[in-house]
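Keep the structure in view as you read.

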Amino acid sequence: MAFNPLAEKGIPIERQFRNWSELTGHTYNTNDVHPYTRCRVILMNGIEVEAIVNSHNAARRIADTGIKQMLALVRKAEQQQQKAVNWLIPGSESTIANTIGYEQVAVDLTSWIARHEPDPYLNQVYEFGVLEDYDHLYRYANLMDLMGERRKAEEITGDLTEILPGRPTIFHHRHPHDELRRPMTVEASNFQSILNALTVVSAEQQTMNYYMNVGNRPEDPMARALYCEIAMVEEQHVSHYESILDPTTPELLNLALHEYNECWLYWSCMQTEPDPRIRQVWELHLAMEIEHLRLACEMMKEVDRIDPEEIFPRDGVSEPMTFEPNKRYVRDVLARTLDLTAYDSEFVPVGDLPDDHRFFGYQNTVNAGGVPSEEVIRRHREETGGEYRVATEGEHPNASLRESGTCEETPYAKVEQEHLENA
C-alpha cells in the first residue's frame, strides 16, 4: 500500500509540544528488547539529529525573519522528538552494548538501501561502505568479549546479523581525496535514491557523533584506541555518503526533502514495530512530521515558487524501509568486492593502484606503530585461544578471512607488501 504524506493530515504545530515526563518517562528493557527495535531507535535518533542540524545550518544562511521563525518553531518540535526517541535507550545499556546496536544499524540499514538502490553507481557506494561497518561490528564484538561484559554481542544482535570480519579496518584508512563520490542531481534522480542518500547520511553522521563523544569513556587503553580508530573511519563515511547529495539543492527544497524523508521513515518504523508502546511513538511522530512537511512545502512554494508536485512522487512511496536479515546479501558482497578500494570517485581493486598512489603513503603514516583494530583480535586470540565470531550461514565466503580476522592473507596485505618491496 502506497503512502503519500502530502495527502495526509498531521497535528497542527501549536499542539505538538510536550512536557518533560512525556519526553523522558519511558525506556525499553535492554535485556529483552527486539534487536531491530533497538536499531529503529538508534536510526530515528540519528534522523532527528540530522533534521535539527540541517535546520540550524539553514537558519544561519537565511535572512528572512519569517522563514527563520518557521524553522525555529519546527526545530523545537524536532528537538522534543529527538529527546523522546533517544531517551528510550535505558541507562542500564552499556556504551559497548549500544555500540553493537549502532553497527548492526549500519550493516542492515545500508544493506537494505543497497538492495533497493536503482542507480548502479550509488549501489556501489553503499556496498563499499557496508563491508567496512560489517568489520567494525566484528571488532567491537571481540572488544566486548574482552571487556568481560555479562552479555555477548550476539545477545544484542540476535541471530539476525552475522559477526564476521569484513574488509579489515586497517585498510579503511584512505587519503581524504579518495573519500569523495560523484553527486546526484535531484531533478534527474529516482526519488528512492534521494531518500536512500538522506537516510544513510543521517545514520552515519549520528554514528560519527556518537563515537566522537563516547570513544574516550573506556578506561582500557586498547578500547579507547579502537574507538579512536573507528571514529576516524566514521568521519570518512560521512564524507563518502554526503558527497553523493546534490550540492545545488535550494535551501527550502532541501528542508522539504528532509521532512519527507522523516515521514517515510516513521511510516516505515510503524510497519514492523512489535512493541506497541514504541509503535505509538512512531505514530505520533509521523503525525507531527506530516505537519512539518506541509509547512516546508508552503514556504517553498511561496518563496522559491517550487511546486511540491513537481518534486515528490504523485502517488507517494510504495515500500517501507525495513530492518531485516541481510546475511546472504552481505556474504555475496564480501565474495565480490572485498579487495576494492577508492581512487578518486571510483572503486577499484587495490592491486590496480600505482605504486606511488597516495593510499600507501597515508597508510604508512596512520598505521605506523600498531593498529588498534588488529590488536583487539590479536589479544582476543591470545587470551581466549580464538576469535569471537557468529556464523550462522557457514564458513566465511572469502578464504583469506576464514582462519583469522587479522589482515595478513588478504589481497590488501599482499599488495602493500609488494609496494614496500618495490619501494
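**Helix packing in a predicted model**

With a relative accessibility of 1%, Val41 counts as buried, because buried means under 20%. The model shown is a predicted one.

**Val41 and helix α2**

- Val41 sits in helix α2, which covers residues 35-61.
- Leaving out residues up to four places away in sequence, Val41 touches Tyr28, Val85, Leu88, Ile89 and Trp282.

**Where α2 meets α7**

- Helix α7 runs over residues 191-214.
- α2 and α7 pack at an angle of about 95 degrees, and their axes are 8 Å apart.
- That angle makes α2 roughly perpendicular to α7.
- By class, this contact has four nonpolar, seven polar and one charged residues.
- On the α2 side, the residues are Leu43, Asn45, Gly46, Ile47, Val49 and Glu50.
- On the α7 side, they are Thr199, Ser202, Ala203, Gln205, Gln206 and Asn209.

**Helix α3**

- Helix α3 covers residues 65-86.
- The 22 residues of α3 should span 32 Å at 1.5 Å a residue. The end C-alpha atoms of α3 are 31 Å apart, which agrees.
- Buried residues in α3 include Ile67, Met70, Leu71, Val74, Arg75 and Ala77. Glu78, Gln80, Gln81, Gln82, Ala84 and Val85 are buried in α3 as well.
- The buried residues of α3 pack against α1 (20-24), α2, α9 and α10.
- Gln69 and Ala59 are ten residues apart in sequence. Their C-alpha atoms are 9.1 Å apart in space.

- Helix α9 has 22 residues, 251-272.
- α9 reaches 33 Å from its first C-alpha to its last, close to the 32 Å expected at 1.5 Å a residue.
- How many of the 22 residues of α9 are buried? The count is 19, so α9 is largely enclosed by the rest of the structure.
- α3 and α9 pack at an angle of about 25 degrees, with axes 13 Å apart.
- The two helices, α3 and α9, are therefore roughly parallel to each other.
- α3 passes α9 in a left-handed crossing.
- From α3, the contact uses Ile67, Met70, Leu71, Val74, Glu78, Gln81 and Val85. From α9, it uses Leu252, Leu255, Glu259, Glu262 and Tyr266.
- The residues of this α3 and α9 contact divide into eight nonpolar, one polar and three charged.
- Residues three or four places apart in an α-helix point the same way, because there are 3.6 residues a turn.

**Glu291 in helix α10**

- Glu291 lies in helix α10, residues 276-304.
- Its relative accessibility is 8%, so Glu291 counts as buried.
- Which residues is Glu291 in contact with, leaving aside its neighbours within four places in sequence? They are Gly10, Ile11, Pro12, Ile13 and Gln16.

Methods: Residues numbered from 1 in each chain as written. Predicted model: local features only at pLDDT ≥ 70, side-chain atom pairs only at ≥ 80, totals over all residues. Heavy atoms only, no water. Helix = DSSP H or I, 4+ residues; strand = E, 2+ residues; numbered from the N terminus. Buried < 20%, exposed > 50% of the residue type's maximum accessible area, 1.4 Å probe, protein only. Contact = heavy atoms within 4.5 Å. Expected span 1.5 Å × (residues − 1). Axes fitted to C-alpha atoms, helices over the stretch in contact; angles between N-to-C directions. Parallel < 35°, antiparallel > 145°, perpendicular 65-115°, else oblique. Left-handed = near helix turned anticlockwise from the far one by under 90°. Nonpolar A, V, L, I, M, F, W, Y, C, P; charged D, E, K, R; others polar.
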